[in-house]
Amino acid sequence: MAKVTIIMGSKSDLDSLKGAFDTLKQFDVSFTARILSAHRTPDEAADVAKNAEKNGTSVFICAAGMAAHLAGVIAAHTICPVIGIPMASAPFNGLDSLLAMVQMPPGIPVATVTAGSAGGKNAALLAVEMLAMNDKALAARLLEFRKAQAAKVLADDAALQAQLA
Ligand code: RP5
């Protein structure tokens with residue numbers, strides 16, 4: 001049972017998803033990850049979109065670059081929320097992927113997050129936030145994460161103030 005299904009368009013996207021894997025593990029959220037392309041393996045990608053919900057998936061995360069249609073194609077085949085991560089590939093450094101992913105036609109939304117590897121972490125956190133709406137223990141872990149994150153910034157600031165004094 002994978003609550004989150006991650007799909008990337010190519011093995012070349014894998015490094016950018018490490019943050020997503022780490023974050024979902026950190027929150028103890030079950031996930032699976034597949035390499036499937038909207039263009040190169042359209043039937044297999046559609047099959048995963050159609051069947052993942054039966055297997056326990058509530059949220060999809062899709063990472064793709066260039067003419068990044070993967071998230072939109074997955075969203076067309078499911079009513080689960082789909083989070084898209086534009087991959088920052090050459091020659092346009094992800095602007096092409098961002099526009100392809102974010103500009104979905106009305107009726108089939110994709111929640112597009114930050115491009116590249118920062119997007120991997122944010123996509124996972126957004127998935128955790130969605131799941132936490134019906135999971136109080138997960139919501140508590142999210143609040144602890146936010147507190148720890150803020151404490152680190154404030155500790156860095158205190159260290160900077162000490163250095164400048
Ligand atoms: C997209 O095209 C993939 O998601 C990847 O970001 C990009 C390039 O794919 P490769 O040529 O590296 O396989 O479909």
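Me: How many residues of domain 1 are in contact with how many of domain 2?

Reply: 11 residues of domain 1 are in contact with 7 residues of domain 2, contact meaning heavy atoms within 4.5 Å. This is a predicted model, in which local features need pLDDT of at least 70 and side-chain atom pairs count only at pLDDT 80 or more, while totals for chains, interfaces and linings use all residues. Residues are numbered from 1 along each chain as its sequence is written, and side-chain values use heavy atoms, with hydrogens and water left out.

Me: Where do the bounds of domain 1 and domain 2 lie?

Reply: The domain assignment gives 4–134 for domain 1 and 136–165 for domain 2; such bounds come from an automatic or database assignment. The C-alpha centres of the two domains are 28 Å apart.

Me: What area do domain 1 and domain 2 bury between them?

Reply: About 730 Å², 70% of it on carbon and sulfur atoms. Buried area is the accessible area (1.4 Å probe) that two parts lose on being put together, summed over both. On the domain 1 side, Phe-27, Glu-129 and Ala-132 supply 57% of the area buried against domain 2, more than any other three residues.

Me: Why is Pro-86 called buried?

Reply: Its relative accessible area is 0%. You will find Pro-86 in strand S4, where its contacts beyond four places in sequence include Ala-64, Leu-98, Met-101 and Val-113. Ser-97 is another contact of Pro-86, 11 residues away in sequence but 5.0 Å away in space, C-alpha to C-alpha.

Me: Why is strand S1 largely enclosed by the rest of the structure?

Reply: Because 5 of the 5 residues of S1 (residues 4–8) are buried. Strands (E, at least two residues) and helices (H or I, at least four) are DSSP runs, numbered from the N terminus. In a regular strand the side chains alternate between the two faces of the sheet. Both faces of S1 are covered, with Val-4, Ile-6 and Met-8 on one side and Thr-5 and Ile-7 on the other.

Me: What makes S1 and S2 a pair?

Reply: Two strands pair if DSSP finds at least two bridges between them. S1 and S2 (residues 31–35) have 5 bridges in the parallel sense, so they qualify. Ile-7 stands opposite Arg-34 in S2. S1 also runs parallel to S3 (residues 59–64), joined by 5 bridges, with Ile-6 opposite Ile-61.

Me: What is the order of the strands in the open sheet?

Reply: The order is S2-S1-S3-S4-S5, with parallel pairing. S2 and S5 (111–112) stand at the edges with a single partner strand each, so one side of each is left without a neighbour in the sheet.

Me: Which residues touch the most other members of the largest nonpolar core?

Reply: Val-4, Ile-6, Leu-17, Phe-27, Val-29, Ile-61 and Ile-85, out of 26 residues. Such a core is a set of buried Ala, Val, Leu, Ile, Met, Phe, Trp, Tyr and Cys residues joined through side-chain atoms within 4.5 Å. Helix H5 gives the most to this core, with 7 residues. Domain 1 and domain 2 both contribute residues, so the core lies between them.

Technical notes. Buried means under 20% relative accessible area, exposed over 50%, partly exposed in between (1.4 Å probe, protein chains only).
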